[in-house]
Amino acid sequence: MKRRTFLAGAGAAATLAWPASRSLAGVLQALTQVSSDVRAIGGNGKEVTLPKAAVGELSDALRGRLLLPGSEGYDDARRVLNASIDKHPALIAQCMGAADVREAVSFASDYGLLVAVKCGGHSASGQSTCDGGLLIDLSPLQGVRVDPVAQTAWVAGGSLLGALDAESMAFGLVTTAGTVSHTGVGGLTLGGGYGRLARRYGLTLDNVLGVEMVTADGQFRRASAEENPDLFWAVRGGGGNFGVVTAFHFQLHPMNREVVGGRVMFPMSEARRVLEFYSDYSASAPDDLYMDFFMGQGPGDAPGGAGISVCYCGPVDQAERLLAPIRSVAPPAVDSLKSMDYVALQRSGDIDDPRALGVYLKAGFVSGVDGALVDQLMDGFEAHPARRVGFFLQHAGGAIDRVPMDATAFANRNASHNLGISVGWPMGQTSDPSPHVDYLRRYWAEVEPLTQGFYTNDVADESGGKIRSNYGPNYARLVSLKNRYDPKNLFRLNANIAPTV
Ligand SMILES: Cc1cc2nc3c(=O)[nH]c(=O)nc-3n(C[C@H](O)[C@H](O)[C@H](O)COP(=O)(O)OP(=O)(O)OC[C@H]3O[C@@H](n4cnc5c(N)ncnc54)[C@H](O)[C@@H]3O)c2cc1C
């Protein structure tokens, strides 16, 4: 390959201190215009100079577009859901198929580039974009094909959850997906996949029958129980550490389209009582009753409140009996619980203006919501100065817990809930997020000791020791597979399994 004629720039050996990200775009754009080469950042943090000929060759080889700073569409493509993440890749490869992904991965590997992989862009810590590296943008790689006879679905690696739900439910079939339909199938599945059906059918990753992917050596591989079973084990929980998944093969399950779903909201004055009720009731719920607790306070004088979000997909004649206690815990302020279409319920939490808020999120797993946790959550919440904070408890257990811890890389099987606390701020109005971030860190410092491990999809930027203990007994096997499939750590923007070779 011509592009292997790597040209190290004058400053290649020195660690580059990039200016703040906005001016980085200007620097890169100016350089692209002034010289024929593109300055980029390697995975090791050092500057890399990409010869223009090699960049042109990559562009020609792709079916999708190669975007540089200043290219039309570059700004949209570099953005992620969390508006406070404002990064500027040197190159964005918009991949339309596995062949494009192979080209992009080979190019990144040849030059040792920093690589980000983006599907739905929902990583709260911004793992799916980067400053100065190559962004592999999977958004053109979308599509769902259901086989109603085999009751399976093939889903392209850049697809969003809404497409999976809509296509499979059209055949009376489902698999577990997350609760917001514009979340990416890629990131959600590789890290776990909690959702309204997870207690009944397991995590999204428990429903993966196989994947097609491109590993760090640029090779296209299949991984399933029969083919590359080690890799198959690793991608189910190992996040993006092992390569770029270009297609997922999912097990589907027959399910009625009509479920009982919606929210019961209570005034803030009842929040503690509702949380205490929720901790007991969610612990004893049958697998086909899924309940999330959430509590939030909006900006200004918005009253805020606590609520329970429900999906019941079991026998209809049991619904009234099971849901009545939720309605009677306190007088509801809003009660939208009703029989409804499952796909509509899955879209009901979508965010209207997804890229308007900066967000900071902390999360951890809990085994039961005991009195000490209720106290910490309520006390921290009440002390919030900026009134834009919320926490949620996503219901786990059921089928998730019945899979052995070492069956997949995902280790935190026995959590009863995934607890997340987030603070948000409107980007246009608040230039300095630090008061919000500092507040949440203080709040979390009190709550974290009551958690055990964390969901890598919510918290991907933790350091090595925390990642190691989070994977528990699965970590050693993950490291040996990382050593085999990605020894140079090309795929590092994730809950990173550091190779040891
Ligand atoms: C509004 C919102 C709602 C959410 N709801 C839920 C929920 O109900 N249940 C739940 O479990 N989680 C939920 N999450 C968390 C979610 O699982 C993570 O944010 C997840 O990373 C989203 O996947 P994505 O493809 O959109 O992310 P991206 O930001 O695109 O990617 C996240 C990570 O996955 C890697 N990645 C993505 N696609 C691929 C691929 N095809 N191959 C290899 N690596 C890839 C990326 O490199 C990156 O490291 C939610 C998040 C948000 C913001």
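## Ligand contacts

A nitrogen atom of the ligand sits 2.7 Å from a polar backbone atom of Y194. The model is predicted. Y194 is also among the residues that come nearest to the ligand, along with C119, G121, S128 and Y455.

At G157, a polar backbone atom is 3.2 Å from a nitrogen atom of the ligand. At L493, a polar backbone atom is 2.8 Å from an oxygen atom of the ligand. The ligand taken alone exposes 940 Å², and the protein buries 91% of that.

## Domain layout

The protein chain splits into three parts: domain 1 covers 2-137, domain 2 covers 144-255, and domain 3 covers 260-450. Domain 1 and domain 3 touch each other, with eight residues from domain 1 and nine residues from domain 3 in the contact.

## Interface of domain 1 and domain 3

About 640 Å² is buried between domain 1 and domain 3. Carbon and sulfur atoms account for 59% of that area. On the domain 1 side, L81, A83 and S84 supply 59% of the area buried against domain 3.

By class, the domain 1 side has four nonpolar, three polar and one charged residues.

Which polar links cross this interface? Two residue pairs are in polar contact between domain 1 and domain 3, both at pLDDT 80 or more. The count of salt bridges across the interface is zero.

Notes
Residues numbered from 1 in each chain as written. Predicted model: local features only at pLDDT ≥ 70, side-chain atom pairs only at ≥ 80, totals over all residues. Heavy atoms only, no water. Domains from an automatic or database assignment. Contact = heavy atoms within 4.5 Å. Buried area = accessible area lost by both parts, 1.4 Å probe. Salt bridge = Lys/Arg side-chain N within 4 Å of Asp/Glu carboxyl O. Polar contact = N/O pair within 3.5 Å; in protein donor to acceptor, adjacent residues only side chain to side chain. Nonpolar A, V, L, I, M, F, W, Y, C, P; charged D, E, K, R; others polar. Near = heavy atom within 4 Å. Areas by Shrake-Rupley, 256 points an atom, 1.4 Å probe, with all protein chains shown as cover.
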